[in-house]
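Look over the model before reading on.

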Amino acid sequence: MVDRTFMADREIMEREFEERFWKAINNLNPEYRKVAILLMEETPYQEMAKELGCTENTVKTKVCRTRQALLKMGIAA
């Protein structure tokens, strides 16, 4: 049998994380915000490069910097 208290606590923690996550995304600069959203949409690097108007290598750098910015805000990426 599933512990209802555990499930309720888990739902609260998930909601709190989601709120922190979106707050962090919204606090990113516009470029990193776009990269984060493209990552969440599982956009391939080649398509991201077209969308962002840069090379795939530049996309990789932007992804790394976006993840670092999110980590600084306490959001694992």
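## A lysine in H4

Does Lys 62 count as buried or exposed? This is a predicted model. In it, Lys 62 has a relative accessibility of 14%. The cut-off for buried is under 20%, so Lys 62 counts as buried.

Lys 62 sits in helix H4, which spans residues 56-72. Beyond its neighbours within four places in sequence, Lys 62 contacts Glu 31, Tyr 32, Val 35, Leu 52 and Cys 54.

## H2 against H3

Two packed helices are described by the angle between their axes and the distance between the axes. Helix H2 covers residues 30-40, and helix H3 covers residues 45-52. They pack at about 150 degrees, and their axes are 11 Å apart. The crossing of H2 and H3 is right-handed.

Which residues meet here? H2 brings Lys 34, Val 35, Leu 38 and Leu 39. H3 brings Tyr 45, Met 48, Glu 51 and Leu 52. In this contact of H2 with H3, six residues are nonpolar, two are charged and none is polar.

Val 35 and Leu 52 take part in the contact of H2 with H3. Val 35 and Leu 52 are also in contact with Lys 62.

## Aromatic rings

The whole structure holds two aromatic pairs. In one of them, the ring centres of Phe 21 and Trp 22 lie 5.4 Å apart. Their planes stand at 85 degrees, so this pair is edge-to-face.

Phe 21 is buried, at 17% relative accessible area. Trp 22 is partly exposed, at 37%. Phe 17, Phe 21 and Trp 22 make up one aromatic cluster.

How values were computed. Residues numbered from 1 in each chain as written. Predicted model: local features only at pLDDT ≥ 70, side-chain atom pairs only at ≥ 80, totals over all residues. Heavy atoms only, no water. Axes fitted to C-alpha atoms, helices over the stretch in contact; angles between N-to-C directions. Helix = DSSP H or I, 4+ residues; strand = E, 2+ residues; numbered from the N terminus. Left-handed = near helix turned anticlockwise from the far one by under 90°. Contact = heavy atoms within 4.5 Å. Nonpolar A, V, L, I, M, F, W, Y, C, P; charged D, E, K, R; others polar. Buried < 20%, exposed > 50% of the residue type's maximum accessible area, 1.4 Å probe, protein only. Phe/Tyr/Trp six-rings, centres within 6.5 Å; stacked < 30°, edge-to-face > 60°.
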